[in-house]
Amino acid sequence: MGLLSHLGLQELYSASSEEESEEEEEVITEEDMAKLKDQVEEKKKLIATLRNKPSPMKQKLQLLKEAQEFVEKFEGALGKGKGKKFYAYKVMMTKKWMKFQRDFENFKTACIPWEMKIKEIESHFGSSVASYFIFLRWMYGINMVLFGLTFGLVMIPEALMGKPYGSMPRKTVPMSEQDSAMNFATLWDFGGYAQYSVLFYGYYNNQRTIGWLKFRLPLGYFLVGVGTIGYSFMVVIRTMASNANEEGGGDDTSFNFSWKMFTSWDYLIGNAETADNKFASITTSFKITQESILEEQENRKEGNIHLTRFLRVLANFLVLLTLAGSGYLIFFVVRRSQKFAQEGLDDYGWWERNEVNMVMSLLGMFCPMLFDIISPLENYHPRIALQWQLGRIFALFLGNLYTFIIALLDEINLKLEEEKIVKYNITIWEKNLYNGTWLENSTSRPPLDIDPAIVPRGPCWETMVGQEFVRLTVSDTLTTVITILIGDFLRAVFVRFVNYCWCWDLEYGFPSYAEFDISGNVLGLIFNQGMIWMGAFYAPCLPAINVLRLLASMYLQCWAVMCTNVPHERVFKASRSNNFYMAMLLIILFLSTLPAVYTIVSIPPSFDCGPFSGKDRMFDVIQETLDNDFPAWFGQVFTAATNPGLILSFILLMGLAIYYLQATSESYKAANLELKKKLQNSTKEQQVVMWIKKQMELILLISLLLRVPIHPMEEE
């Protein structure tokens, strides 16, 4: 089985190849064939298990090379002779299949968007920074699906099969706005021709079926709006469950020092500076673990407890003042923008046109900085301080968003009041149009020879809501770009080139290079997605705009993080952040659907714009479809299934089921912890028994070694 057998088989195989060229006959005996097959199998096992052997890398590579050469050279010999060709064919196909699988896996990895960019960032900054870009890529995939639904089932059917532009008032720019409809300022505010296009709700007709396909556009519009929310819930919850399964339920409360010693390293780091920072971070974590014990002992003392409590109360009071001031400022500027809109925006400049969006973006930029200044007053542990910071930024964004929604609801109520006046004016206009002769069955639709641009029309509050969310998304994108260019790029340029002639070291002192703000960027991404979910029903173009925004953010932030940022002083692993981000995203998804559902269920749609015009509520399109396209019994069953009493009973049953599953899960967790304790105790008992056995064996061995024959002393 050693070198001699290896050389003997080589000579045997060379002799067989020479004789085979002369005549086709079996030259390898069955005994030699069995030995050769056993050696090939041993070499294959060696190749598979070589990485686990405690040998130097140079020796491993040499053994691997020799084993591979042996397998490639002698595996084909197993196919020589009678009845062995099928084995050789199977070996060949197995190799080709393994090669295909390896190439296909490489192809799949190459097809993942931005995989190499993220790997490069991961090697320089660790998995914590890379987790943001992975999250951004995941959000890009979600928005691509939402864009596909709205573009394929709403925008394309209306553009191809619906009535063209200029055929009716809702598809025509009013005469008073046509002169400025193509101005850059008007288009930048998504007015003019952009407002009267498939980008917004008001352009769509309420015709039940359109085109030769008889496509039911109002029903499709409603189902796509509901389907996007349902799909988002399903994907987020499924991702959270997948992350929970991957993280597992390991016990990290015992042997903390051992876990930190052997599992703290991030093996995805490939940059020297990041590796140094990670080494320093691990060292610091040991110090912090020791210091935390001392801090806990110090905190139990009654020395400065009153001062600490006072400073924490003061810090929270300042934070509440900041949040309240932020909400009041947003409410104030929204009301002021309503005043500007009533007076006409032509008399105002760029700031008045975009005041709401800019104020919200600036508050989102500067309020977290103010929270950073307030945070040291509380003297919390860094981990607890980070949680408080995230919670405050979350409350800031959520409060600003809901303040904006409340102000929009006030504006919607004003638009509904304005609709009543417009309806009366349209009645007077129709009477004048027919020379004072009133037709009982006449509608607000003018005759064919009337230009739709001069027809009076309502304010269309749905389009107004969609425009506000589109403007807010665009202004937030511009704020992000400006922040990167000024806050990161120009700062890095200043530090890089002015450091040579400055009084102190700018790279290690103030202002230094910027670190990548993971938490702020993730929260900004989450709340921007919340605005997309909230406004996509009234602006079908929002998912497309968000896809472009995420695409630009990926390339811009990848460039910025590699060129202008430095690795964090404490490099954290990202495994514990996945479900935290997803939990915040799920909360925002739920809170974002509430205003949309409220407007769909409670507020009547505009009477002269959108696919639901002429209906009391938007969801009436479902009942209309059931009455016209389904049998009567199906409509009765659907009406009975949507009975509020039945729905409440179903919700109560779901609540009880969730409570039962939660209780069962808690009992399983308790049983799991109890089993872990038993295993630990049994392991300790086994260790004690093994230690006692070893001690007894050692004592027995010593007694045997020390045993010497005792002779009676001879008396002198």
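Me: Which residues in H17 meet Lys117, Glu120, Ile121, His124 and Phe125 in H5?
Reply: This is a predicted model, in which residues are numbered from 1 along each chain as its sequence is written, local features need pLDDT of at least 70, side-chain atom pairs count only at pLDDT 80 or more, and totals for chains, interfaces and linings use all residues. Side-chain values rest on heavy atoms, with hydrogens and water left out. Helices are DSSP runs (H or I, at least four residues; strands are E, at least two), numbered from the N terminus, and contact means heavy atoms within 4.5 Å. On that basis, the H17 residues that meet those of H5 are Tyr555, Cys558, Val561 and Met562.

Me: How do the residues of this contact of H5 with H17 divide by class?
Reply: Ala, Val, Leu, Ile, Met, Phe, Trp, Tyr, Cys and Pro count as nonpolar, Asp, Glu, Lys and Arg as charged, and the others, Gly among them, as polar. The contact of H5 with H17 divides into six nonpolar, one polar and two charged.

Me: Is H5 roughly parallel or roughly antiparallel to H17?
Reply: Axes are lines fitted to C-alpha atoms, for helices over the stretch in contact, and angles run from 0 to 180 degrees between N-to-C directions. Angles under 35 degrees count as roughly parallel, over 145 as roughly antiparallel, 65 to 115 as roughly perpendicular and the rest as oblique. The axes of H5 (residues 115-125) and H17 come within 11 Å and cross at roughly 30°. That angle makes the relation of H5 to H17 roughly parallel.

Me: Does H6 pass H17 in a left-handed or a right-handed crossing?
Reply: H6 (residues 127-161) and H17 (residues 542-563) pack with their axes 8 Å apart, at an angle of about 160°. That makes H6 roughly antiparallel to H17. A crossing is left-handed if the near helix is turned anticlockwise from the far one by less than a right angle, and right-handed if clockwise. For H6 passing H17, the crossing is left-handed.

Me: How many nonpolar residues does the contact of H6 with H17 hold?
Reply: The H6 side includes Phe133, Leu136, Tyr140 and Phe147, and the H17 side includes Val547, Leu551, Met554 and Val561. Beside five polar residues and one charged residue in this contact, the number of nonpolar ones is 17.

Me: How many polar residues has the contact of H16 with H17?
Reply: H16 (residues 518-535) and H17 pack with axes 10 Å apart at an angle of about 165°, which makes H16 roughly antiparallel to H17, and H16 passes H17 in a right-handed crossing. Among the H16 residues in the contact are Asn521, Asn528 and Gln529, and they and their neighbours meet H17 residues including Asn546, Arg549 and Gln557. By class, the contact has six nonpolar residues and one charged residue, while the number of polar ones is six.

Me: Which cysteines form the disulfide?
Reply: A disulfide is taken as a pair of cysteine sulfur atoms within 2.5 Å, and a search of the whole structure finds one. The sulfur atoms of the pair are 2.1 Å apart, and with 100° about the S-S bond the link is right-handed. The cysteines are Cys460 and Cys609.

Me: How many residues apart in sequence are the parts that this pair ties together?
Reply: The disulfide joins Cys460 and Cys609. Cys460 lies in the loop between H14 (382-433) and H15 (461-498), and Cys609 in the loop between H18 (578-602) and H19 (620-629), so the parts tied together are apart in sequence by 149 residues.

Me: What is the phi of Trp114?
Reply: Most residues other than glycine have a negative phi. Trp114, in the loop between H4 (85-111) and H5, is buried with a relative accessible area of 11%. Cys460 is not a glycine and has a positive phi of about 55°. Trp114, likewise not a glycine, has a positive phi of about 60°.

Key. Buried means under 20% relative accessible area, exposed over 50%, partly exposed in between (1.4 Å probe, protein chains only).
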